[in-house]
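I opened this model to see what I could look up in it. Here are my notes, entry by entry.

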Amino acid sequence: MSRTPLYTTLALIAFAANSVLCRLALSRGVIDPASFSAVRLLAGAGTLAVVVRASAPSRAPVTPSWASAALLFLYAVPFSFAYTSLSAGTGALLLFGAVQATMILASLRRSERPRAAQWLGLASAFGGLTYLVLPGVTAPSPRGAALMLLAGVAWGLYTLRGRGVSNPLGQTASNFARTIPMILAITLVGYGGLHLQLDGVLLALLSGALASGLGYVLWYQALAGLSKIAASIVQLAVPILAAAGGIAILGEQVTLRLLLASLFVLGGISLVLVTRPGGLTTPAIGSDQR
């Protein structure tokens, strides 16, 4: 019996958990954003290093990439700072929308002329994101929204750089390890504002070791039984799971603005994915490096 559904479900829960854990830690004030990012990346690097060491040796090479490590770092740090002012569901939708939009636009740039339905889907997705951040009583923090969109673009570019990598697990572990000097740099720069309590460190460790490190391992297992289109579509569940976690664990409220924006963004992205012309290939988030 295939374990793909189980691996897929657990991986999606892990990805959504990153948003909930980060928001939980920062909303309680038990850790600062820079420290959360540092602990998360260090825990992820350590977990992936252990998994790679425990796995069967791969003959596929790993190419050191400081550029990919920098994009990974540029995703993780704004992600944490954004969650000082965003709800879990809003942050996940902004992140997810920016990641998928970045990858879809890159694919369209290299492909044949898109179909009308794809243009409609892109317009719907970008319109939904625009509506979500427009000024208003229920609009998210402009600073938080901008930071999360930056994190999403960085993650999209990071994933695009990983297409065709023959050893995705080893490459991801290598990229995480190469963020360590960057972590040290941001720690030194922000030393005066660092604030860590045991609860905050534990939440960051869970985010890095379980939701990130082991989450990626589960995702690689799931990808063995998923097509690229299926892998992209199932990730539509991540913002929904994050919003549900925010409601259940953090007591957050889902606004009508978030519901409508989610409908337009997720519906638009799914329309693009299911109406691809022959020359368009859109990679799943993390299908190569994540």
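**Entry 1: a buried arginine**

I started with Arg-40, which is buried (under 20% relative accessible area, with a 1.4 Å probe and protein chains only; exposed is over 50%, partly exposed in between) yet has no salt bridge, the nearest side chain of opposite charge being Asp-32, 14 Å away. For charge, Lys and Arg count as positive and Asp and Glu as negative, while His and the chain ends are not counted. A salt bridge here is a side-chain nitrogen of Lys or Arg within 4 Å of a carboxyl oxygen of Asp or Glu.

A note to myself on the source: this is a predicted model, where local features need pLDDT of at least 70 and side-chain atom pairs count only at pLDDT 80 or more, while totals for chains, interfaces and linings use all residues. Residues are numbered from 1 along each chain as its sequence is written, and side-chain values use heavy atoms, with hydrogens and water left out.

I found Arg-40 in helix H2 (residues 33-54). Helices (H or I, at least four residues) are DSSP runs, numbered from the N terminus, as are strands (E, at least two). Which residues is Arg-40 in contact with, leaving aside its neighbours within four places in sequence? I listed Asn-18, Tyr-75, Phe-79, Ala-204, Ser-207, Gly-208, Ser-212 and Tyr-216. Contact means heavy atoms within 4.5 Å.

**Entry 2: the salt bridge**

Next I asked how many salt bridges the structure holds. There is one. I traced it to the side chains of Arg-23 and Glu-252, at 3.5 Å from N to O. Arg-23 lies in helix H1 (residues 4-27) and Glu-252 in the loop between helix H11 (237-250) and helix H12 (256-274), so the pair ties together parts that are 229 residues apart in sequence. Buried or exposed? I checked both partners: Arg-23 is buried at a relative accessible area of 17%, and Glu-252 is buried at 14%.

Val-238 is buried, with a relative accessible area of 12%. Leaving aside its neighbours within four places in sequence, I see Val-238 in contact with Leu-12, Phe-15 and Ala-16. Val-238 and Ala-17 are 221 residues apart in sequence, but their C-alpha atoms are 9.1 Å apart in space.

Back in helix H1, I looked up Ser-27. Ser-27 is partly exposed, with a relative accessible area of 43%.

**Entry 3: H12 and the surface**

I then went for the nonpolar patch on the surface, formed by Tyr-131, Leu-134, Ile-247, Val-254, Leu-256, Leu-259, Leu-260, Leu-263 and Phe-264, with about 820 Å² of accessible area together. Patches are made of residues with over 30% relative accessible area and no salt bridge; like charges are joined within 9 Å, and nonpolar side chains (Val, Leu, Ile, Met, Phe, Trp, Tyr) within 5 Å. The areas come from the Shrake-Rupley method with a 1.4 Å probe, and for residues only the protein chains shown count as cover. Which helix gives the most to the patch? H12 does, with five residues.

Leu-260 lies in H12 and is partly exposed, at 32%. Val-272, also placed in H12, is buried, with a relative accessible area of 1%. I found Val-272 in contact with Ile-104, Gln-118, Gly-121 and Leu-122, leaving aside its neighbours within four places in sequence.

Last, I looked at helix H4 (residues 88-110), whose 23 residues reach 34 Å from first C-alpha to last. That is close to the 33 Å expected at 1.5 Å a residue, where the expected span is 1.5 Å times one less than the number of residues. H4 is mostly covered, with 20 of its 23 residues buried.

In the loop between H4 and helix H5 (116-133) I picked Arg-115. Arg-115 is partly exposed, with a relative accessible area of 46%. The C-alpha atoms of Arg-115 and Thr-275 are separated by 7.6 Å, though the two are 160 residues apart along the chain.
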